[in-house]
Amino acid sequence: MTEQDIKEIKALLATTKHIVIVPHKNPDGDAMGSTLGLCHYLIKNNHQATVVVPNDYPDFLKWLPGHEDVIIYESDKSNVENLIEKADIIFTLDFNAFHRAGDMELPLANSKAIKIMIDHHQQPDHYAKYMYSDVGMSSTCEMVYHFISKLGDVDAIDGAMATCLYAGILTDTGSFRFPSSTSTTHLVAAYLIDKGANHSEIYNAIYDTNSYERLQLLGVALNNLRVLPEYKTAYITLSQEELNAGNFRKGDTEGFVNYGLSIKGVIFAAIFIEHKQEGIIKISLRSEGDFSVNEFSRENFEGGGHTNAAGGKSDLSLNDTVEKFISILPRYKHTLNP
Ligand code: 5GP
Ligand code: MN
């Protein structure tokens, strides 16, 4: 994002606009925190701004300030299509290719609104007039802070914005433990705390609201965990049957993949989750160090993401997906065993 871009965006935002803010499908903490944080900022500046999510998001995020005004495309299509039709500006946050917005792909691609991208994933598409894309950033929430700062407006950040942005930084950095959290990330977090983000309450709201069923499901997942020492790899499977027995709710499996990575010596972890209704296996991949799960996912599982955290999918059965996974590991043996 150049100085000129900032100048133009400032001019654009100088008068009231109709604005739609969209995160990726299956929104996570960073997606919800960044869109809601930005929405508060825009509303405060007299814009008509709305957060529209492609599909529903987990209950553990349904306390974020402004969550009650979020519109879910999946269950309110015509309303959303009207909003998109009327929009002067569409912000796309925490994703960088329209297909990542699921069923909203077409309405977004067909829209004449000015697109502004704020995102930290690799290999962005070039659909946006204004692109703030930085793969070095901890989170889109941190980028929303920097965006507001580039507009010269950090003083406008209030408690609601600070809470949303802090929540997304917290979740996307794994509570500040991933290499992507820099000293600047911590300075931004400190600033947000000064502006009213209660770090302890935010942590509790996100991580200390487990249901008994979720912990039981974690038990099943850990029981299914397998380790392949020669590839420094661990993987977990969860079948639809196991999810149903555990009364699965959206978001329940969030973070499970990290247990594989926490094993001493393991640098590559995967979780394969069966989604019978969609007819796919959803895959989450994590790594430590230089092994790029973004590349691995792009090459084998129609996905992508970051070097150390990526997602993908498979149309095969759960067993066949795992077999495919195991069969391709030898190709990566030299990178997994440097
Ligand atoms: P998660 O495993 O938590 O769903 O996702 C990890 C990271 O990969 C997130 O940054 C997410 O946005 C990205 N991601 C997840 N699934 C996909 C996918 O199917 N395609 C792409 N390109 N990125 C994904
Ligand atoms: Mn993110």
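Select Asp59, which counts as partly exposed at 38% relative accessibility. The model on your screen is predicted.

A salt bridge joins the side chains of Asp59 and Arg249, with N to O at 2.5 Å. Asp59 sits in the loop between β2 and β3, while Arg249 belongs to the loop between α10 (240-245) and α11 (257-261), so this pair ties together parts that are 190 residues apart in sequence.

Lys62 is partly exposed, with a relative accessible area of 28%. Include Asp56 as well: Asp56, Asp59, Lys62 and Arg249 are linked in a network of salt bridges.

Move on to Glu274 and Lys276. These two form a salt bridge, and their closest N and O atoms are 3.7 Å apart. Glu274 is buried, at 14% relative accessible area, whereas Lys276 is exposed, at 57% relative accessibility. The structure holds 8 salt bridges.

Last, select helix α3, residues 77-86. Which of the residues of α3 are buried? They are Val80, Leu83 and Ile84. These residues lie on the same side of α3, because they cover an arc of only 100 degrees around the axis. Turn to the face away from the buried side and you find the exposed residues Ser78, Asn82, Glu85 and Lys86.

To see what covers the buried residues of α3, show the strands β1 (18-23), β2 (48-53), β3 (71-72) and β4 (89-93), and the helix α4 (105-110), which are among the covering elements.

Technical notes. Residues are numbered from 1 along each chain as its sequence is written. Chains are lettered from A and ligands numbered from 1 in the order in which they are written. This is a predicted model: local features need pLDDT of at least 70, side-chain atom pairs count only at pLDDT 80 or more; totals for chains, interfaces and linings use all residues. Side-chain values use heavy atoms; hydrogens and water are left out. Buried means under 20% relative accessible area, exposed over 50%, partly exposed in between (1.4 Å probe, protein chains only). Helices (H or I, at least four residues) and strands (E, at least two) are DSSP runs, numbered from the N terminus. The arc is that of the directions from the helix axis to the C-beta atoms. Contact means heavy atoms within 4.5 Å. A salt bridge is a side-chain nitrogen of Lys or Arg within 4 Å of a carboxyl oxygen of Asp or Glu.
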